[in-house]
Amino acid sequence: MKSWKVAGLTVLACMAGGAVLAGAAVFHGWYDVSATGSHTLPVHDLLDVAQTRSVQRRAAGIAAPDLDDPDRARNGAGLFRANCVQCHGAPGVAPESYALGLNPPPAALVATARERPAPDIFWIIQQGIKMTGMPAWRYRLTDAEIWDVVAFMRVLPTLSPEAYREWEGGERTSAPALPGRPEAQARVGSAAAGRNAVQQYLCATCHVIPGVAGARHHVGPSLAGIADRSYVAGTLPNTEANMQRWLLAPGQVKPGTAMPDLGLTDQDARDISAFLQTLRQAD
Ligand code: HEC
Ligand code: HEC
């Protein structure tokens, strides 16, 4: 046989083998679909690039109207409050408890507004994102209303928690009441459990956290090397007990902070602070 024939047959055999393996993996249920398991770093990055490129391509022909009109942003603030804050939160406002458990986690839109151009954001709101919790709004909001929301999102990164409440009409002053959860048998903090827990409280949507998939946003300070910092949020000496206090109730430690109260249990706070202790400067 000619050598190119051998090569061709080998490639075909490998492809067939791969297809059989993939079929077996699907059939036997080897793939873990649970929302508590995070994607590995390479899979996460691949999906992220696929999503970004898909949106860029489809939003390429969209021209944004004048987004600086203050009426537009004001109307957008009302629509944002009615339809978006429940999942995405806002400065100083935590998402509802069901949103914390979504995988992928709803992005902190402060970061999105900084990182993505307006037409891309318009397209995402209009069309939604398949296989995530992001709904398509085109059958529920008009195009003009979606642009209003985009206009408000441009204001969002400039707002302190207090200023956000004013845009909202000043009614909602605290985070939504999160349902109490039964505390499992208390145990000492575990860094491994804490690494998983950070995915369940949207920490990754606001902070750079080394080794955690998707944690590359600068809404809050980077947590790289946090174990070596002298103070937590510039106010409390950085001990494990103080870190737990901060994670459980940032608004009580530092009134007016943009870090929301995410409704952690004591055990989650112990686990996450144990995990944060592993983030040394050299990493
Ligand atoms: C039921 C929960 C839910 C609601 C309600 C919701 N979203 Fe989302 N949204 C998500 C999830 C989940 C994602 C996917 C996160 C990802 O893959 O980046 C997402 C993604 C997005 C993104 C892309 C973020 C990025 O940086 O990749 C934008 C923009 C967005 N949503 C805007 C909105 C707006 C505006 C509203 C209100 C009109 C809204 N969303 C309502 C859950 C929700
Ligand atoms: C909506 C965005 C947001 C989310 C979600 C969030 N944070 Fe923060 N975080 C912030 C901001 C903003 C600050 C700065 C607060 C300040 O100094 O007032 C901060 C500060 C911190 C600090 C202090 C950092 C330092 O340099 O002293 C730690 C530690 C921290 N966050 C951990 C977490 C953990 C762990 C989670 C998940 C349980 C989390 N954050 C979720 C926005 C967020």
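Tutor: A polar contact is a pair of N or O atoms within 3.5 Å; inside the protein one must be able to donate a hydrogen and the other to accept it, and sequence neighbours count only through two side-chain atoms. The model is predicted, with local features needing pLDDT of at least 70 and side-chain atom pairs 80 or more, while totals for chains, interfaces and linings use all residues. Residues are numbered from 1 along each chain as written, chains are lettered from A and ligands numbered from 1 in written order, and side-chain values use heavy atoms without hydrogens or water.

Student: So what does an oxygen atom of ligand 2 meet at Ala 233?

Tutor: A backbone N or O atom of Ala 233, at 2.5 Å, and an oxygen of the ligand is also 2.7 Å from a polar side-chain atom of Thr 257.

Student: And which side chain does a nitrogen atom of ligand 2 approach?

Tutor: That of His 207, where an N or O atom is 2.8 Å away. His 207 is also among the closest of the 24 residues around the ligand (a heavy atom within 4 Å), a group that includes Cys 203, Cys 206 and Met 259 as well.

Student: Switching topic, what does Leu 156 touch?

Tutor: Leaving aside residues up to four places away in sequence, Leu 156 has contacts (heavy atoms within 4.5 Å) with Phe 80, Pro 91, Leu 109, Val 110 and Tyr 164.
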